[in-house]
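Student: I have a structure to look at and would like to learn how to read it. Could you take me through it step by step?

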Amino acid sequence: MFESLVKGIVEAGGGVRAYDACARTARSRIAGEPDNAAALLLIAYAAQRFVDAYDDQPLTVETAAEELDNITSIVTTLDGAFKGGSAQAKLDAVNRVARQIAGVRGSDE
Amino acid sequence: MFSNTFPDRAVISETVAKMLLEINAVHFRADQPYTFTSGLASPVYIDCRKLISYPRIRSALMDFGASVIFRNVGFEQFDAVAGGETAGIPFAAWLADRMGLPMQYVRKKPKGFGRDAQIEGALAEGARVLLVEDLTTDGGSKIKFAEAIARTGARVTDTFAVFYYDIFPETPAKLLDAGMRLHYLATWWDILKVCKDENRFPVETIKEVELFLNGPVAWSANHGGISELPRASKE
């Protein structure tokens with residue numbers, strides 16, 4: 001469902017341009033996947049945050065790996081809930097990812 | 001206006017390399033490489049934005065820039081100087097002042113609301129524009145900025161950067177295909193020469209840097225980065 005977005009980042013080199021493409025792809029999918037809109041918007045937001053952070057700043061290989069782990073975790077959480085999960089599971093996943101993107105640590109993290 | 005002198009090109013390049021080293025804008029780190037926007041792992045990183053904080057250096061740079069452009073292109077070949085967001089904006093402002101030309105800046109993307117402007121400042125249809133950024137790697141961002149300017153009816157004919165990586169040989173031709181001639185003051189090879197001449201870094205560090213400059217993709221593959229450049233990207 002959403003794994004292709006992370007796969008795209010890896011295949012495109014895991015740099016700023018790869019995340020930029022991911023953000024654009026996620027946004028472009030929203031119109032055609034209204035039921036996944038919240039998840040896709042969060043993925044686009046997470047990918048765009050990477051672009052904004054590192055577009056003109058040094059990015060070490062180590063940090064790039066950490067960032068890839070981070071967005072992979074976001075996509076995995078959303079994918080698990082949106083692939084046949086209940087409405088409550090989807091809402092929980094959206095809230096968990098939103099907290100993760102906002103840098104808020106909850107009791108379940 | 002600029003100083004109306006035309007220093008020797010080699011002297012310019014060596015001086016600019018020394019300036020960048022003097023203000024610690026050059027970073028070599030082979031053990032913990034950097035990741036370029038394409039995913040290429042690199043032991044080198046340069047922060048040309050630091051230049052804006054050194055008035056004597058930036059003033060000399062702009063004199064050098066004006067002399068290179070006037071010498072290479074001519075004195076009456078431009079109607080405007082445009083800076084690319086973000087780092088290109090201050091250099092474009094100073095260069096426009098040196099060259100006695102109007103200035104604009106170009107956003108990476110339109111704002112998305114309000115006027116949805118991508119270009120700020122007045123730009124006449126048909127204007128011949130010099131596009132300015134702090135550095136050039138593969139030229140990808142310059143092509144996007146030039147496309148935005150072209151949508152206004154103006155035309156980027158030349159682009160100037162303080163620093164050019166010069167590790168992807170096809171970059172100047174790629175820019176030329178997009179209608180722009182590339183001008184710059186110094187490259188990694190100038191930095192490397194000064195470092196060697198003045199023993200600025202440990203021999204092992206210089207060796208790694210040289211390995212990268214001579215074969216960036218192979219070096220990247222051996223240090224956790226991509227092993228193949230994505231299509232339409234060499235940065």
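**Reading the fold and the interface**

Tutor: Keep in mind throughout that this is a predicted model. We can start with how two strands are joined: strand β5 (residues 80–84) of chain B and strand β6 (residues 103–106) of chain B run parallel and are linked by 4 bridges. Within this part of the sheet, G83(B) has Y105(B) in β6(B) as its bridge partner.

Student: In what order do the strands of the open sheet lie?

Tutor: The order is β7-β6-β5-β8-β9-β10 (chain B), 6 strands with mixed pairing. At the edges are β7 (119–120) and β10 (181–187) of chain B, each of which pairs on one side only.

Student: Which strands does helix α2 (residues 55–72) of chain B touch as it packs on the sheet?

Tutor: Helix α2 of chain B touches β8 (128–136), β9 (155–164) and β10 of chain B, and its direction makes about 140° with that of β10(B). Helix α4 (residues 140–150) of chain B, in turn, lies across β5, β6, β7, β8 and β9 of chain B, running at about 155° to β8(B).

Student: How many helices and strands does chain B have?

Tutor: Chain B comes to 8 helices and 10 strands. Its radius of gyration is 18 Å, close to the 18 Å that the globule rule gives for 235 residues, so chain B is as compact as a globular protein of that length.

Student: How many residues of chain A are in contact with chain B?

Tutor: There are 14 residues of chain A in contact with 18 residues of chain B. On the side of chain A that touches chain B, α2 (16–30) and α4 (61–82) of chain A each supply at least two residues, and by class that side has 7 nonpolar, 4 polar and 3 charged residues.

How values were computed:
Residues numbered from 1 in each chain as written. Chains lettered and ligands numbered in written order. Predicted model: local features only at pLDDT ≥ 70, side-chain atom pairs only at ≥ 80, totals over all residues. Contact = placed C-beta atoms within 7 Å. Nonpolar A, V, L, I, M, F, W, Y, C, P; charged D, E, K, R; others polar. Pairing = 2+ DSSP bridges. Axes fitted to C-alpha atoms, helices over the stretch in contact; angles between N-to-C directions. Rg over C-alpha atoms; globule rule 2.2 N^0.38 Å.
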